[in-house]
Structures are given as C-alpha cells and as structure tokens.
Amino acid sequence: MDSGCAFILVSLMIMQKMREYSKVFLWILVIAFLGWLGLDLGANLTGRNVAQPWERGVIAKVGDFEITYDYYNAYLQKALSDTARKLGRELTQDEIDSLRNKVFNSLVEDVRWGLLARDLGITFSDDAIIKIIAMFPPPEILQDTLFYTDGKFDFAKYLSLLRTPEAIPFFRLYEDRLRHQIPRDIIRFFLAGMGSVSDMEAKYTYNLERTRIKFAYVAIPIKVVPDKEVRFTIDELREYYKKVKKDFWHPERARFEIIRAYLVPSQIDTFNARDRAEAVVQQLKEGVKFSDAVKYYSDDIASKRDSGRLGTVFIGNLPEAFQKALSGARPGEIVGPVPYAEGFYIFRVDSVRGDSITLRQIFVRIRISDETKKAIKDSLERALKEDKVLEYGFLVDTSEYINLNWHVFPMVGENYELSAFAQKAKVGEWSRPMETPNYYVIFRLIERQKPGPSDFEEVADMVAARYISEKKREILRPKVEEVAKYVENDDTAGIRKVFPDNPGVRLMETGYITKGVGIPGLPVNYRDRFFMDAMNAPVGQVRIFEHDLGFIVYKKLDEKKPTDEEFQKVKGFFKIQLSQRYINMLMNAFESELKILYPLEDYRDYLNLR
C-alpha cells in the first residue's frame, strides 16, 4: 500500500472514530461552556477585524498557509523572553539561533496539524475559542503567583486580565496556539484509540519477545563459490531480467541540473569580525572576566565548554602565526586578536614554563553577513537569467535519478518542497535558491519519469549481481542439504569434509537468545524472519534457512517460553508499553504523511532570518 492510500485509510478511520465519540465530546463542550455564557470578550480576542501585518513579507509557506514574519516573530520573542527569564540571564548568540530554529520548526508543525484539522472538518468558532480561553488559562498564567489568593488560583483576577486591552496581544498568541493544538490533540486522541491492545495480542507479543532459543548452526555464505564458476552472456542476463523485472520497479523520479554558489565571507565580513574581536579585547582590558567573555563571544564550541581552556601546549607545535604572537608573553597577558584560518583568536596566558605555555582562548569566527549572502544570491539569479552560469564561475552538476517519494536531494537532504516542485514543474524550470551551510543551491528539472520498470542498461550491474547470487545458491544447495544431515547427527567432522579448510563457513552454537539478537553470518534484515522460523521449529529439528547472502543450517537445541504466570504479573504495564509503541509508530507515519500533504517552502533566507 502506498503512502497516499495509507493516509486516506487512516483519515477514514479517524472520521469513523470521530462519529462514535462526537456526542460525548459535544456534551463535554456544552457543559464546559454553560458556566461562561455571560463572558463578553468580543472580537478583540479573536482579531477577526484586525488585518494581519505583512510588512516584512511571508517567511514560509506550509501547504496553502502563509507564515508572516510578524506571526513568527511574536512566537520567537515570547520564547526568547521565557527562556531568558528561566535562565536568569541574557541569551548567547548560539542560544538565540537555536531558539529561532526551534520556534520555526514548532510553528510549522502546528500549522500542518491545523491544516489537517481544517481539511477533516475539525474547526472551532470564535465563540468556542473565547470560552475555552476563559475556562483554561495558559500555563504562563497558572504559574504566576500574582493570580493566586490564599494559595488557590483566583479566576476573578484572571477574568479581569482578560478584559484588559493591554493583554490582547498575549491572548491572541494563546488563541493561535489553541486553534492549532486542540484539533491536533483531538486527532491524537482518536489515533491513540487505534493503539489499544487486547490481552491476546499482548500475550502473543510478550511470548514472541521473551522466548529464548538455543541452537547449533552452520553459516554458509555464497562467497565460498568462486565467481569464475558462474558464467553468463549478456543475452542470458537480458532474459533473466525479463523474469525479475518487477523487482527493479522505480517510483516517480527525476533528474536535475544543480547549480551551486559558494557562501564565502567578503572582505567587509572579515573587517567586521576583526572589529568584534578587538571589542572583546577592549572589554577584557576593562576588567571583564575571561570566562564570561568566552561564554558570550567565543565561536569555538569545544573550548567554550571549559571556559576557553586549551591546557598546556608546546609552543613549537603551534601554527607559526600563534608562535609569533605568543613569543615573550607573560602570565596573565591577553594576546590578540591573531588572524588565522576562518577567524581571529584571542589568548590569555595562564602560565609559562620553559617552552610550554598554558592557554585559554576566544575564537571569533568570520561570519558571512546577510548583505554578502544577498549579493551572492543576486549574482546567482542574474547568471541564470542571462544563461551565463559557467561564465560567472558557479559549479554545475547533473544528478542521477532521484526517487521523489524518498524526498532526499543532494546538498539539501530531506526536502519536501523539492519533491512537490519536481512533480509540478515543467522540464527546464528552476527551483528557488536554497541556502545550505556552504552553498546557495538551485535545482533545474531536466527529466521526470513516471513509476515503471528501470531500463536494463541502468540496472545491469544489479541484475548481474542477483543472477550470480541465485546461481551460486543453486551450486551450493546440494552441499547445504548434505551438511543438514551431518548437523542432524551432530557430526562436525562430516561438515568439515563438505567444506574443507574454508574459513567462510562458520560452525557455532548459541546460548539462549531472544528475538532481535545478532547472529554471525545472518544479515540484519533477516533476523526477525529467522527467529520466527526458529520459534516454529520443534526442538531437535534441523532446518535450512535461505537468505540473499547464503544459508543457515540450524538445529534447535532448546526453547524456554515465558509462563502465563510471568505474563500476568506484568500484563498491565506491558500492554501500556505496547500500546505506546503502536501509537508512536502511527504518529511517526502520520507526521511523515503530513510533510507530504503540506510541504514546507522555507523563505527565511530571502529575509535574512536564518
């Protein structure tokens, strides 16, 4: 079943569950709202008469929903304020950058769930949202002692705040959160119901995972057959391909021309980094602690974790630029800024002993500025318009076929926007420029193929490998059956006669092992299938297990299954664990579907918000 069918099936299941629970849910809402019918918050909270600000443009598009800068920035500023308050200090630049990405990703996820709820018909009126806000104060309010009287939350104070015009921006954010989170929680509630586990299912899984098996086995890989023993012509290979063509089926895929523009700092960026470094040196001279300066200004993560300490080093082992700068330095002296590689170094000399020196450092990286990025991107787009990509010195590559349902592309990794672009674009169209850590990248569609069998020439090597593998197994099979007879009689000497002095053939005996334990000679992707085969085998029986890379001939020596009493002791906890496992699997699959349904188009680099 493909991903689209899976999504439709899950959606139908959700709708069926919603019909079953809708009466209960509606009664809960009715009861909850009755106590607050007199509340009059009006349109001030819902903001339906207030136009959304678009001055800074759209920073991203999720499906058909556009995220504006102001919409994102409101969430960001709140996150920055809350985090700074919790830490009790100002945030470093690294912490701010991390929060920016965290807030953006969280916002994108909320929007996706909100769009799904909308498309499934799960919506809330303004009046309903107002009443929910009144009934359920946001966590920030519940944690604020100002709203407590005699140790209890005072709803009168909360309602008074609701009627305060100055609080409207805060509650508008809370409204947005509710509009996304409530439908998401409802959908998750129904999905959780699908993860319920019966006693029979729990017991079966418990027995499968707790059963321990002991066996003796012989691992016989196909590589024991020399390649020269398998001969074939190209015509034989073509005939073989006709029989197995269905196994070389490709999904929808495309090829691209990929244009790369290096993101390299400009001379102005270098000057700016030096200015920052000199400002740090000035602060140190004015009495700022070196450890504090490291925390706020150093871009070297490794030494930053230890207050900039580098330990004791031999001066002669340092780069020549550092040797010159540190020559004659005395304990307590600040040295720098010293230009080297990608930035400027500032050293504090802790001690000097002969040719050894104990140092701490601050590294100020030369960062590429927004202005430089814009200039590079403008130059790249100009080169495309003028059809002078090579003349401008940009890198040009042609990709192999990329499966669009994998959503993974060279340079940019997982990217659902490019999958959507490739499915809709005409041959010759360009994607928008995308920023990566080292490049601006643009993809031009040069070919798109619908799902179908791969051409023989394209997969000839894989077809040959499979053909050789099958022929080698045919050659080995009589010997494998002979080995099985020796295994049944515990005749190790006989086994070695079949494969004399061949180190590739392994004779082993396991201890008691459970499902999922690695077995030397058995590929990882065959573990579960092998264990199921071994569980079904009677004790003492010899079986031959075949896999892509050879054979496992084994004799089941013993089996220890958990008792019903053991299961009953842990049944409740195990059912909860198993149910949570199913729910997590379902949620992960569901969220992957959401990325396909509502692909992200990230425009932050256009507005210098990375």
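Visitor: What share of the contacts in the protein chain with a separation of 6 or more comes from residues 24 or more positions apart?

Guide: Such residues account for 71% of those contacts. Keep in mind that this is a predicted model.

Visitor: What makes up the secondary structure of the protein chain?

Guide: It comes to 20 helices and 22 strands.

Visitor: How are helix α10 and helix α17 placed against each other?

Guide: Helix α10 (residues 234-244) packs on helix α17 (residues 456-488) at an angle of about 90°. Their axes are 9 Å apart.

Visitor: Why is α10 called roughly perpendicular to α17?

Guide: Angles from 65 to 115 degrees count as roughly perpendicular. The angle here is about 90°, so α10 is roughly perpendicular to α17.

Visitor: Which residues meet where α10 touches α17?

Guide: From α10 they include Leu 237 and Tyr 241. From α17 they include Val 463 and Tyr 467. The residues of this contact divide into eleven nonpolar, no polar and five charged.

Visitor: What is the strand order in the open sheet of four strands?

Guide: The order is β8-β11-β10-β9, with antiparallel pairing.

Visitor: Why do β8 and β9 stand at the edges?

Guide: Each has a single partner strand, so one side of each is left without a neighbour in the sheet.

Visitor: How do you know that β10 and β11 pair?

Guide: Two strands pair if there are at least two bridges between them. Strand β10 (residues 343-353) and strand β11 (residues 356-365) have ten bridges, in the antiparallel sense.

Visitor: Which strands does helix α11 touch?

Guide: Helix α11 (residues 267-285) packs on the sheet and touches β9, β10 and β11.

Technical notes. Residues numbered from 1 in each chain as written. Predicted model: local features only at pLDDT ≥ 70, side-chain atom pairs only at ≥ 80, totals over all residues. Heavy atoms only, no water. Helix = DSSP H or I, 4+ residues; strand = E, 2+ residues; numbered from the N terminus. Contact = heavy atoms within 4.5 Å. Axes fitted to C-alpha atoms, helices over the stretch in contact; angles between N-to-C directions. Parallel < 35°, antiparallel > 145°, perpendicular 65-115°, else oblique. Nonpolar A, V, L, I, M, F, W, Y, C, P; charged D, E, K, R; others polar.
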